[in-house]
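Subject: Structure handover

Hello,

Here is the structure for you to pick up. My notes follow below it.

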Amino acid sequence: MNDISHDDGVAALLTTPVDAETLARLRRRLAGDAEHADLLDVAYTTVESPVGRLLLAATSKGLVRVAYASEDHDRVLERLGEQLSVRILRAPQRLDDVVREIEEYFAGRRRVFDVRLDLSLSHGFRRLVQTHLPEIGYGQTRSYREMAELVGNPKAVRAVGTACATNPLPVVVPCHRVLRTDGTLGGYIGGLDAKTALLALEAA
Amino acid sequence: MKQPFEQVVTQHGATVLRVCRVVLGPHDAEDAWSETFLAALRAYPDLPETANLEAWLVTIAHRKAIDVVRAAKRNPLPVEAMPETPTNMGVPGSGDPDLWPAVSGLPNKQRQAIAYHYVAGLSYAEIAEILGGSVDAARRAAADGLTNLRKHYPAARTKGAAS
């Protein structure tokens, strides 16, 4: 069945050019309309940083996901579609404050993030640990064991490691400040280079 | 797995705009596009994963185009004086300005049928569902639309005949 092929000439004529600027303008308008109509369940944007391009995603409650390029941003967005909602649009406006704070952080001009967070991607013990991570101050580090003690479960060292490794909000929720008891780095979702870079930034 | 809506806009945004242009002309096309994607965003979570996205979007665009025309009739823009030269519906960057008067002169069904078939690439069965009526009627509307377009728009005659 192929009744498209004849009259290609007419198809080509009617297939008028759509310039990138027009589409970009329409998409910005859609993002605004969607926000206004309360249909923008997840807004996202990307920001360049010394640790590579970061994906930032926010619900109406707050920042819900920060992802490193190594996590594959398309894949992360697909997962957010499964976990939260498929009503996802690139809509930088909702993330203006987050972008500004991240840029200030990497410029060495910000030590504490004060954007609203949405921790709905984590549950139970992991969420508890992630809630306490911001208590480790800028330039400080803790061991996995100390974090376990801090959350009142000193035996759960391994579970603290998992909580840090599955932190949906790296950089902003500072899981990079948790190290092994012997002072070596341990793992990091953005790779060890990124962890080293963040610790060096904060030590400067 | 259902893709994030942003991907839907990326993949189908340009085609839906072209369809809206053929159905409404380039001026109203952008309003129809915006209404279409906002309505699609609202309904997207409930759309079955197996649905044909293009046909679904064109179906929404079809209804939104009708709304845009109705709204324009209800709320005609006040003009103090008629423009001295007739508009040719030209919008910079939207193709040959001579095309639009020829397209807008077609009867509604013919214009819709050629837009959904030649621009969106829908089958006549899909078009029949959108327009109502039989598959043959949809096929006839597209064929008649093409004949009429060739009559009133010389470029379609030459380009169409070449294929």
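This is a predicted model: local features need pLDDT of at least 70, side-chain atom pairs count only at pLDDT 80 or more; totals for chains, interfaces and linings use all residues.

Where they meet, domain 1 of chain B contributes 12 residues and domain 2 of chain B contributes 13 residues. On the domain 1 side, helix H1 (5-24) and helix H3 (53-74) of chain B each provide at least two residues. That side of domain 1 of chain B consists of six nonpolar, four polar and two charged residues.

Next, the chain interface. Here 39 residues of chain B contact 36 residues of chain A. On the chain B side, two or more residues come from each of H1, helix H2 (26-43), helix H5 (108-119), helix H7 (135-152) and helix H8 (154-162) of chain B. H1(B) gives the most, with nine residues. The side of chain B that touches chain A has 23 nonpolar residues, plus nine polar and seven charged.

One residue in chain A is worth a look. A:Val115 sits in the loop between helix H4 (96-106) and helix H5 (124-132) of chain A.

What does A:Val115 contact, leaving aside its neighbours within four places in sequence? The partners are A:Gly62, A:Leu63, A:Asp97, A:Val98 and A:Glu101. A:Leu63 is 52 residues away from A:Val115 along the chain, yet their C-alpha atoms are separated by 7.4 Å.

Best wishes

Definitions and conventions. Residues are numbered from 1 along each chain as its sequence is written. Chains are lettered from A and ligands numbered from 1 in the order in which they are written. Two residues are in contact if their C-beta atoms, placed from the backbone, lie within 7 Å. Helices (H or I, at least four residues) and strands (E, at least two) are DSSP runs, numbered from the N terminus. Ala, Val, Leu, Ile, Met, Phe, Trp, Tyr, Cys and Pro count as nonpolar, Asp, Glu, Lys and Arg as charged, and the others, Gly among them, as polar.
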